[in-house]
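Hi,

Here is the structure I promised to pass on. My notes on the backbone follow below it.

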Amino acid sequence: FYTGGKDFSSQGPTFAYLNINRDEFNNIISTHDIQFYFVNNIIDGVYSDGEIGRDLDLTKVISPSVVDYNLLRTNDAIYSGSGSNNLINLDPKFKNVLKFDFDLDTLSAAKDKGVVLAPPITDDYCDRTRDATPDIGAFESQY
């Protein structure tokens with residue numbers, strides 16, 4: 001998930017997850033059960049407060065719920081706590097975002113930092129084979 005580049009402006013985060021419904025005065029209307037599994041993602045962009053929004057009633061989060069092995073633009077300490085494998089506020093070093101080339105450069109922090117999933121995802125977004133040490137993100141680096 002990436003928001004940036006020459007023609008993009010952002011008023012809020014790129015990615016959000018929530019289980020609380022609020023009214024126009026920010027009062028809670030309702031809450032819902034939620035379960036999530038966010039692994040091997042890049043969530044980056046230009047929003048200075050971070051690119052992840054969340055509004056969670058933690059008592060309604062169903063286990064197991066996971067946010068791990070991601071490269072994240074965020075100032076929220078919950079994503080970098082003890083035992084976390086997330087990479088925080090590092091440049092993913094995409095090849096050329098202005099040309100929408102989101103392949104990873106050889107010096108990308110996301111290179112070889114993903115985890116093999118079960119069942120494994122054997123090909124990337126471009127049908128290229130993922131290796132035994134997958135990259136974080138949709139594209140397996142070819143460099």
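Where is the place of Asn89? Asn89 sits in the loop between strand E10 (87-88) and strand E11 (94-96). Strands here are DSSP runs of E with at least two residues, numbered from the N terminus.

Some ground rules before the rest. This is a predicted model, where local features need pLDDT of at least 70, side-chain atom pairs count only at pLDDT 80 or more, and totals for chains, interfaces and linings use all residues. Residues are numbered from 1 along each chain as its sequence is written, and side-chain values use heavy atoms, with hydrogens and water left out.

Now the backbone. Most residues other than glycine have a negative phi, and most peptide bonds are trans. The residues below depart from that.

Positive phi:
- Asn89 is not a glycine, yet its phi is positive, about 55°. Its relative accessibility is 31%, so Asn89 counts as partly exposed. That term covers values between buried (under 20% relative accessible area) and exposed (over 50%), with a 1.4 Å probe and protein chains only.
- Tyr69 also has a positive phi, near 55°, and is a residue other than glycine. Tyr69 lies in the loop between E8 and strand E9 (71-72). Tyr69 is partly exposed, at 25% relative accessible area.

Cis peptide bonds:
- Ser63 to Pro64 is cis, with omega near 0°. Pro64 is in the loop between strand E7 (52-55) and strand E8 (66-68).
- Ala118 to Pro119 is cis, with omega near -5°. Pro119 falls in the segment after strand E12 (101-104).

Best wishes

Methods:
Helices (H or I, at least four residues) and strands (E, at least two) are DSSP runs, numbered from the N terminus.
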